[in-house]
Amino acid sequence: MHTTRLDGHRTWRETAGHYALLPLRVFLGITFVYAGLDKLTDSAFLKSGGTGSIGETMRAARGSAAIPALVDLALKSPVGFGYAMALGELAVGIGVLIGLFGRLAALGGALISLSLWLTVSWATTPYYYGNDLAYLMAWLPLVLAGTPYLSVDAAWRARRRRTGGYR
């Protein structure tokens, strides 16, 4: 029977449905924070050349990328691109975790995943071995739903309602 009320307003099933995206949000947020911090603290990554560097990674991906022009753009300043990628991942991860501009943060995560799929992991065969496409698909529900609960966005929305502001 599904009539047990958790908060007086919702059944167990309704509550589970309401919070269904929370595990995805936490996973993606932690993963992107970790990825950003990992890049920023890796002495080899933020270099234009050498094993494990962003420059070497991009040069290796150039020949098999779906859109080589994206790789060429990154190669104009590989270190700058590496910092942009790391800081972007960090911002996306924090934004989704705390629910600050949740849809925008999720869109940023989707765009990062899309750019990685079209460049670094495009040649992965079969396609489902590459994780960037799966990350792109995982971001899309959060782009659509945002961070409507347990978030800064929800707190701002509740405050606007209490003060009679924009809904």
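**Close-up views of a predicted model**

View 1. Leu97 lies in helix H5; helices are DSSP runs of H or I with at least four residues, numbered from the N terminus. The structure is a predicted model, in which local features need pLDDT of at least 70 and side-chain atom pairs count only at pLDDT 80 or more, while totals for chains, interfaces and linings use all residues. Residues are numbered from 1 along each chain as its sequence is written, and side-chain values use heavy atoms, with hydrogens and water left out. Leu97 is partly exposed, at a relative accessible area of 32% (buried means under 20%, exposed over 50%, partly exposed in between; 1.4 Å probe, protein chains only). A nonpolar patch on the surface, with about 960 Å² of accessible area together, includes Leu97, Val26, Phe101 and Trp156. Patch residues have over 30% relative accessible area and no salt bridge, and nonpolar side chains (Val, Leu, Ile, Met, Phe, Trp, Tyr) are joined within 5 Å. A salt bridge is a side-chain nitrogen of Lys or Arg within 4 Å of a carboxyl oxygen of Asp or Glu. Helices H2 (22-41), H5 (78-98) and H6 (102-118) each contribute at least two residues to the patch.

**View 2. Aromatic pairs.** Eight aromatic pairs are found in the whole structure (ring centres of Phe, Tyr and Trp, the latter by its six-membered ring, within 6.5 Å; planes under 30 degrees apart are stacked, over 60 edge-to-face, the rest tilted). Phe32 and Trp139 pair edge-to-face, at 5.0 Å centre to centre and 85° between the planes. This pair links distant parts of the chain, with Phe32 in helix H2 and Trp139 in helix H7 (residues 131-145), 107 residues apart. Both Phe32 and Trp139 are buried. Tyr128 and Tyr129 also form an edge-to-face pair, at 5.4 Å and 80°. Tyr128 is exposed, at 56% relative accessible area, and Tyr129 is exposed at 61%.

**View 3. Aromatic cluster and a charge over a ring.** One aromatic cluster is formed by Phe27, Phe32, Tyr135 and Trp139. The charged end of Lys39 sits over the ring of Phe45, 5.7 Å from its centre (NZ of Lys or CZ of Arg within 6 Å of the ring centre and within 35 degrees of the ring normal).

**View 4. The largest nonpolar core.** The largest nonpolar core has 15 residues, and those with the most contacts inside it include Phe32, Val96 and Trp139 (buried Ala, Val, Leu, Ile, Met, Phe, Trp, Tyr and Cys joined through side-chain atoms within 4.5 Å). Two or more residues of this core come from each of H2, H5, H6 and H7. H7 gives the most, with six residues.

Methods:
Patch = residues over 30% accessible without salt bridge, like charges linked within 9 Å, V, L, I, M, F, W, Y side chains within 5 Å. Areas by Shrake-Rupley, 256 points an atom, 1.4 Å probe, with all protein chains shown as cover.
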